[in-house]
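Here is a short tour for your next look at the model. Please keep the sequence and the 3D view open side by side as you read.

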Amino acid sequence: MTVALPEIYGSSTAVATVTIDVLYRVRRYASSLDRVGLAGEEYRYPVPNLLDLFEGILKTTADPKVVAEIARITDIDSSLVAQPRELHLVADRQIKELLRSDSLQEIPGAGASHGGVFRANPALDLRDAADRQEQADDWLRQLGLDAGLTGMENLVEHCRAETRSKT
């Protein structure tokens with residue numbers, strides 16, 4: 001986590017910028033598993049796990065303890081700490097090669113994507129579980145389209161239906 005404070009201390013127009021880097025080593029995780037698939041087959045990350053990762057990031061950044069600590073570091077009231085505005089996702093290979101293909105179809109000629117910058121919906125309150133889910137779902141749908149894949153909307157809805165049926 002890095003915090004960039006305003007250059008002029010006490011300026012009413014300057015704001016602190018907080019950046020949290022989350023490095024998730026999918027291949028390292030896969031190599032720690034006893035069995036990741038067929039021999040010689042490269043591990044593909046399940047979409048529901050990515051959905052959980054996005055939600056976990058949002059839940060952590062909206063957690064009152066994290067917000068209070070950011071406020072303490074930047075010397076502002078916790079009510080002034082903004083919610084995350086965007087997610088920068090960068091992969092070491094094409095997204096379509098990283099994700100398990102569970103009902104995802106490649107769009108011919110769509111090009112390559114190694115991630116993207118996904119903006120948060122400012123109308124959502126990320127302290128609310130339903131709004132966090134909606135934001136994570138939206139980022140995943142955007143990621144699928146940016147990667148030249150169709151079917152992400154249905155896959156996300158299927159994941160949510162499975163989660164609802166378990167509760």
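Buried here means under 20% relative accessible area, and strands are DSSP runs of at least two residues. Bear in mind that this is a predicted model.

**Strand E3**
- E3 shows a covered face made by Leu-87 and Leu-89, while Glu-86, His-88 and Val-90 make up its uncovered face.
- In a regular strand, side chains alternate between the two faces of the sheet.
- E3 pairs with E5 in the antiparallel sense, over five bridges.
- In that pairing, Glu-86 stands opposite Arg-119 of E5.

**Helix H5**
- H5 covers residues 129–146, and its 18 residues should span 26 Å at 1.5 Å a residue; the end C-alpha atoms are 26 Å apart, so the two agree.
- Asp-128 caps the N-terminal end of H5, with a side-chain oxygen 3.2 Å from the backbone nitrogen of Ala-130.
- After H5 comes Gly-148, which has a positive phi, near 80°.
- Among the buried residues of H5 are Asp-131, Arg-132, Trp-139, Leu-140 and Leu-143.
- The cover over the buried residues of H5 includes helices H2, H4 and H6 and strands E3, E5 and E6.

**The core**
- The largest nonpolar core holds 29 residues, and Phe-54, Ile-95, Leu-99, Leu-140, Leu-143 and Met-152 have the most contacts inside it.
- H2, E3, H4, H5 and H6 each supply at least two residues of this core, and H2 gives the most, with six.
- Beyond its neighbours within four places in sequence, Leu-140 is in contact with Val-47, Leu-50, Leu-51, Phe-54, Met-152 and Val-156.

Conventions. Residues are numbered from 1 along each chain as its sequence is written. This is a predicted model: local features need pLDDT of at least 70, side-chain atom pairs count only at pLDDT 80 or more; totals for chains, interfaces and linings use all residues. Side-chain values use heavy atoms; hydrogens and water are left out. Helices (H or I, at least four residues) and strands (E, at least two) are DSSP runs, numbered from the N terminus. The expected span of a helix is 1.5 Å times one less than its number of residues. Buried means under 20% relative accessible area, exposed over 50%, partly exposed in between (1.4 Å probe, protein chains only). Contact means heavy atoms within 4.5 Å. A polar contact is a pair of N or O atoms within 3.5 Å; within protein, one must be able to donate a hydrogen and the other to accept it, and residues adjacent in sequence count only if both atoms are side-chain atoms. Two strands pair if DSSP finds at least two bridges between them. A nonpolar core is a set of buried Ala, Val, Leu, Ile, Met, Phe, Trp, Tyr and Cys residues joined through side-chain atoms within 4.5 Å.
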